[in-house]
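Colleague: Could you take me through this one while I have it open on the screen?

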Amino acid sequence: MTKKIVINQDKCIGCNTCPLLDPNHFELDQNTYKAKVKKQPEKITDDIQNTIASCPVGAITLE
Ligand code: SF4
């Protein structure tokens with residue numbers, strides 16, 4: 001089963017890195033200024049892994 005992207009809302013500092021790197025799957029919530037999943041990917045690509053690794057506070061995980 002494909003894993004899902006999970007963004008820890010307590011950890012996210014709203015730096016906007018993940019939406020910049022991958023606007024198809026991540027977006028910044030305009031109310032909370034925290035990232036949220038725009039669309040779950042059908043498979044976890046290297047690009048998505050790189051975006052996850054780019055989060056400065058480790059707020060993005062795969063579950
Ligand atoms: S890269 Fe991390 S801290 Fe920055 S917006 Fe995305 S989830 Fe939040």
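Modeller: Gladly, and I would begin with the largest cavity, where α1 supplies the largest share of the lining, namely three residues. Please keep in mind throughout that this is a predicted model.

Colleague: Which helices each supply at least two residues of that lining?

Modeller: Those are α1, which covers 17-21, and α2, which covers 46-54.

Colleague: And how many residues line the largest cavity, and which lie nearest its centre?

Modeller: The lining is made up of 18 residues, and the ones nearest the centre are C12, C15, C18, A35 and C55. Sorted by class, the lining has 13 nonpolar and five polar residues, with no charged residue in it.

Colleague: What volume does the largest cavity have? And how many cavities of 30 Å³ or more are there?

Modeller: The volume of the largest cavity comes to about 110 Å³, and the structure has one cavity that reaches 30 Å³ or more.

Colleague: Ok, then which residues come nearest to the ligand?

Modeller: There are 13 residues around the ligand, and C12, C15, N16, C18 and C55 come nearest to it. C12, C15, C18 and C55 are also among the residues nearest the centre of the cavity.

Colleague: What classes make up the shell around the ligand?

Modeller: That shell consists of 10 nonpolar and three polar residues, and no charged residue belongs to it.

Colleague: Switching to charges, how many salt bridges does the structure hold?

Modeller: It holds two, and E27, D29 and K36 are linked by them in a network.

Colleague: How far apart are the closest N and O atoms in each of them?

Modeller: Between K36 and E27 the closest N and O atoms are 4.0 Å apart, while between D29 and K36 they are 3.6 Å apart.

Colleague: Is D29 buried or exposed?

Modeller: D29 counts as buried, because its relative accessibility is 16% and the cut-off for buried is under 20%.

Conventions
Residues are numbered from 1 along each chain as its sequence is written. This is a predicted model: local features need pLDDT of at least 70, side-chain atom pairs count only at pLDDT 80 or more; totals for chains, interfaces and linings use all residues. Side-chain values use heavy atoms; hydrogens and water are left out. A residue is near a molecule or strand if one of its heavy atoms lies within 4 Å of it. Ala, Val, Leu, Ile, Met, Phe, Trp, Tyr, Cys and Pro count as nonpolar, Asp, Glu, Lys and Arg as charged, and the others, Gly among them, as polar. A salt bridge is a side-chain nitrogen of Lys or Arg within 4 Å of a carboxyl oxygen of Asp or Glu. Buried means under 20% relative accessible area, exposed over 50%, partly exposed in between (1.4 Å probe, protein chains only). On a 1 Å grid over the protein atoms alone, a cavity is a set of points where a 1.4 Å probe fits but cannot get out, and a pocket is an open set with protein on both sides within 12 Å along at least five of seven lines; lining residues have an atom within 4 Å of a point. Grid points are joined across faces, edges and corners, and a volume is the space filled by probe spheres set on the points. Helices (H or I, at least four residues) and strands (E, at least two) are DSSP runs, numbered from the N terminus.
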